[in-house]
Amino acid sequence: RQIKELFVSFEDTPLGAASLAQVHKAVLQDGRTVAVKIQHPKVQAQSSKDIFLMEVLLLVVKQIFPDFEFMWLVEEAKKNLPLELDFLNEGRNAEKVAHMLKNFDFLKVPRIYWELSTRRVLLMEFMEGGQVNDRAYMERNGINVNEISRNLGKLYSEMIFVNGFVHCDPHPGNVLVKKCPASGKAHIILLDHGLYQVLSDSFRMDYCRLWQALIKADMKRVQKYSRRLGAGDLYPLFACMLTARSWASVNRGIDRSPVSASEDVEIRSNAAAYLPQITQLLNNVPRQMLLLLKTNDLLRGIESALHTRASASSFLNMSRCCIRAVSMYQRSKSHSLFRRAQISLTEALSLWQINLYELFLWLKGSQLGNWVIALLSQMHHST
């Protein structure tokens with residue numbers, strides 16, 4: 001149908017454009033303001049040619065340089081591009097993640113208008129805000145930067161460890177923030193749901209246990225679960241890639257100290273020095289890991305722009321999700337009522353320990369905590 005049949009107004013200049021599609025703002029006949037995502041005309045036909053050309057070029061490079069280990073790029077493109085080109089699949093992903101994360105009242109996912117959507121045109125509820133890496137926008141609008149960073153971490157921990165259904169393109173254009181005028185709460189708006197990774201239970205459990213080991217600085221378990229995820233003898237490099245920390249920091253405990261300028265320089269220089277080993281790792285790890293590594297890098301880029309690099313609080317939230325995920329999995333595999341009760345009790349105690357530790361950290365950093373410590377010290381000296 002013609003644009004005039006569907007819309008009262010339609011802005012010709014797109015709000016944003018990317019390689020596959022562009023988005024326009026429009027108003028429907030019934031007055032609803034919508035975002036219209038339109039696929040570029042020749043993308044569908046051109047994409048198969050692009051993948052074929054990529055495959056041929058990579059095979060040629062592989063013949064010249066036998067150590068070149070990037071053929072997985074073709075496999076991933078073949079699998080993911082058709083899904084990204086199907087906008088109905090994107091709409092289903094948006095509804096699924098909105099339902100999964102409905103308990104997070106700070107998360108907003110645009111509603112899909114199915115009656116006007118097709119594989120190449122997607123109509124959504126119009127939502128606007130500042131980009132998640134725009135610290136100046138947040139300060140102008142009275143949005144707490146640390147709260148946004150913390151809530152974004154909660155979202156992704158829940159997706160990765162608990163649900164195993166992960167939005168894998170959190171670049172700043174796809175994650176907006178806005179302060180709600182009515183409630184005063186800051187909302188995170190998640191856009192572009194074309195690229196998701198579904199994690200198998202076995203992969204998810206190994207990944208949960210690996211992160212638990214990294215947070216506890218349990219090197220034996222770091223080695224064990226890194227190997228199970230395909231890292232082999234390169235497990236120290238794998239741990240550094242996941243955490244974006246030096247091996248010395250991983251051994252000390254990644255929540256013990258913030259990233260220093262010298263550590264940042266060390267990480268960058270090592271990334272260049274260990275490029276052959278990094279490519280070998282990328283070739284060996286399960287395909288599910290590739291999009292997670294990309295997602296981790298994008299999230300760290302946001303944290304870096306906001307100056308909120310992962311804190312003890314964010315690691316505690318990750319720990320909670322890992323504990324819940326492992327307990328849920330164990331309960332699902334147990335046929336004994338007593339065993340399920342035992343798992344639930346262990347889960348409750350572990351979460352309670354984290355809450356106590358978080359309270360301790362809060363008291364330690366607060367004025368009240370300093371006053372209590374001073375009082376206890378004074379009492380100790382008196383006695």
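Reader: How far apart do the C-alpha centres of domain 1 and domain 2 lie?

Author: They lie 31 Å apart. The bounds, 42-83 for domain 1 and 202-365 for domain 2, come from an automatic or database domain assignment. Keep in mind that this is a predicted model, where local features need pLDDT of at least 70, side-chain atom pairs count only at pLDDT 80 or more, and totals for chains, interfaces and linings use all residues. Residues are numbered from 1 along each chain as its sequence is written, and side-chain values use heavy atoms, with hydrogens and water left out.

Reader: What makes residues of domain 1 and domain 2 count as in contact?

Author: Contact means heavy atoms within 4.5 Å. Six residues of domain 1 are in contact with six of domain 2.

Reader: Why is the pair Glu75 and Arg287 called a salt bridge?

Author: A salt bridge needs a side-chain nitrogen of Lys or Arg within 4 Å of a carboxyl oxygen of Asp or Glu. Glu75 and Arg287 have N to O at 3.6 Å, so the pair qualifies. The count between the two domains is one salt bridge.

Reader: What is the area buried between domain 1 and domain 2?

Author: About 630 Å², with 62% from carbon and sulfur atoms. That is the accessible area (1.4 Å probe) that the two parts lose on being put together, summed over both. Glu69, Trp72 and Glu76 supply 68% of what domain 1 buries against domain 2, more than any other three residues.

Reader: Which residues does Tyr207 touch, leaving out those up to four places away in sequence?

Author: Ile160, Phe161, Leu229, Leu242, Met289, Leu292 and Asn296.
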